[in-house]
Amino acid sequence: MGIINGLLGNATTLNPEEVQKKHADILTPGEEVHAAFKVIRDSFIFTNKRLILIDVQGITGKKVEYLTIPYKSIKYFTVETAGRFDLDAELKIWASSSPQPTVNKQLKKGTDVIGLQRTLAHFVIN
């Protein structure tokens with residue numbers, strides 16, 4: 001079911017230990033992955049220090065954007081669940097004093113937006 005959910009755009013939970021090993025080259029000493037989600041080819045990685053958004057681009061996926069947002073710079077965020085007619089959920093994150101969202105991700109219906117929101121709230125509020 002995980003492959004089907006991934007193809008349809010649903011967020012799947014990733015094993016933090018596997019993500020830690022796979023992305024060891026972008027993590028700082030002492031940085032630990034606590035939670036990770038994948039939506040199609042993109043990933044949300046929650047470490048003890050920051051949120052890392054990995055945006056795989058292009059047909060081949062060779063071009064990758066890594067966006068780091070330290071939790072202390074996140075001022076607020078919104079999560080909008082999918083509705084009956086609006087099939088996409090949405091995640092917006094405002095960092096520092098930006099008037100526009102720093103992150104604006106469309107998530108397909110069925111994405112665990114509550115899990116994403118809970119994890120983000122845990123790291124931003126605590």
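A polar contact is a pair of N or O atoms within 3.5 Å, one able to donate a hydrogen and the other to accept it. The views below show a predicted model.

View 1. Asp 55 lies in strand β4, residues 50-57. Its side chain makes a polar contact with the side chain of Gln 57, at 3.4 Å. Asp 55 is buried, yet has no salt bridge. Why does Lys 105 not count as a salt-bridge partner of Asp 55? Lys 105 is the nearest side chain of opposite charge, but it is 4.3 Å away. A salt bridge needs a side-chain nitrogen of Lys or Arg within 4 Å of a carboxyl oxygen, so this pair is left out. Leaving aside residues up to four places away in sequence, Asp 55 touches Asp 42, Lys 63, Val 64, Glu 65 and Lys 105.

View 2. Lys 105 forms a salt bridge with Asp 42. The closest N and O atoms are 3.7 Å apart. The pair links distant parts of the chain: Lys 105 is in strand β8 and Asp 42 in strand β3, 63 residues apart. Both residues are buried. Asp 55 touches both Asp 42 and Lys 105.

**View 3. Arg 50 and Glu 31, a salt bridge from strand to loop.** The structure holds 3 salt bridges. In this one, the side chains of Arg 50 and Glu 31 meet at 2.6 Å, N to O. Arg 50 lies in strand β4, and Glu 31 in the loop between α2 (16-22) and β2, so the pair ties together parts that are 19 residues apart in sequence. Both Arg 50 and Glu 31 are buried.

View 4. Lys 92 forms a salt bridge with Glu 90. The closest N and O atoms are 3.9 Å apart. Which side of the cut-off does each residue fall on, buried or partly exposed? Lys 92 has a relative accessible area of 24% and is partly exposed. Glu 90, with a relative accessible area of 15%, is buried.

**View 5. Strand β4 between its two partners.** β4 is mostly covered, with 7 of its 8 residues buried. On one side of the pairing is β3, antiparallel to β4 over 4 bridges. These two strands form a hairpin with 2 residues between them. Ile 45 stands opposite Ile 52 in β4. The other partner is strand β5, residues 63-70, which pairs with β4 in the antiparallel sense over 8 bridges. Here Ile 54 stands opposite Tyr 66 in β5. β4 and β5 form a hairpin with 5 residues between them. In that turn, Gly 58 has a positive phi of about 80°.

**View 6. The nonpolar cores.** The largest nonpolar core has 22 residues. Which residues have the most contacts inside this core? They are Phe 44, Phe 46, Ile 93, Leu 107 and Leu 120. Two or more residues come from each of β2 (33-39), β3 (42-47), β4, β6 (74-80), β7 (88-95), β8 (103-108) and α3 (113-125). α3 gives the most, with 5 residues. A second, separate core has 8 residues, among them Val 33, Ile 45, Ile 54 and Val 56.

**View 7. Phe 44 and its surroundings.** Phe 44 is one of the residues with the most contacts inside the largest core. Apart from residues up to four places away in sequence, it touches Ala 35, Ala 36, Phe 37, Val 39, Ile 52, Leu 53, Leu 91, Lys 105, Leu 107 and Leu 116.

**View 8. Leu 14 in strand β1.** Leu 14 is found in strand β1, residues 12-14. Leu 14 counts as partly exposed, at 24% relative accessibility. Beyond its neighbours within four places in sequence, Leu 14 is in contact with Val 19, Ala 36, Phe 37, Lys 38 and Ser 43. Leu 14 and Phe 44 are 30 residues apart along the chain, and their C-alpha atoms are separated by 9.6 Å.

**View 9. Ser 96 in the loop between β7 and β8.** Ser 96 lies in the loop between β7 and β8. Ser 96 is partly exposed, with a relative accessible area of 46%. Not counting residues up to four places away in sequence, Ser 96 touches Ser 73 and Lys 75. Ser 96 and Lys 75 are 21 residues apart in sequence, and 6.0 Å apart in space, C-alpha to C-alpha.

Notes
Residues are numbered from 1 along each chain as its sequence is written. This is a predicted model: local features need pLDDT of at least 70, side-chain atom pairs count only at pLDDT 80 or more; totals for chains, interfaces and linings use all residues. Side-chain values use heavy atoms; hydrogens and water are left out. Buried means under 20% relative accessible area, exposed over 50%, partly exposed in between (1.4 Å probe, protein chains only). Lys and Arg count as positive and Asp and Glu as negative; His and the chain ends are not counted. Contact means heavy atoms within 4.5 Å. A nonpolar core is a set of buried Ala, Val, Leu, Ile, Met, Phe, Trp, Tyr and Cys residues joined through side-chain atoms within 4.5 Å. Two strands pair if DSSP finds at least two bridges between them.
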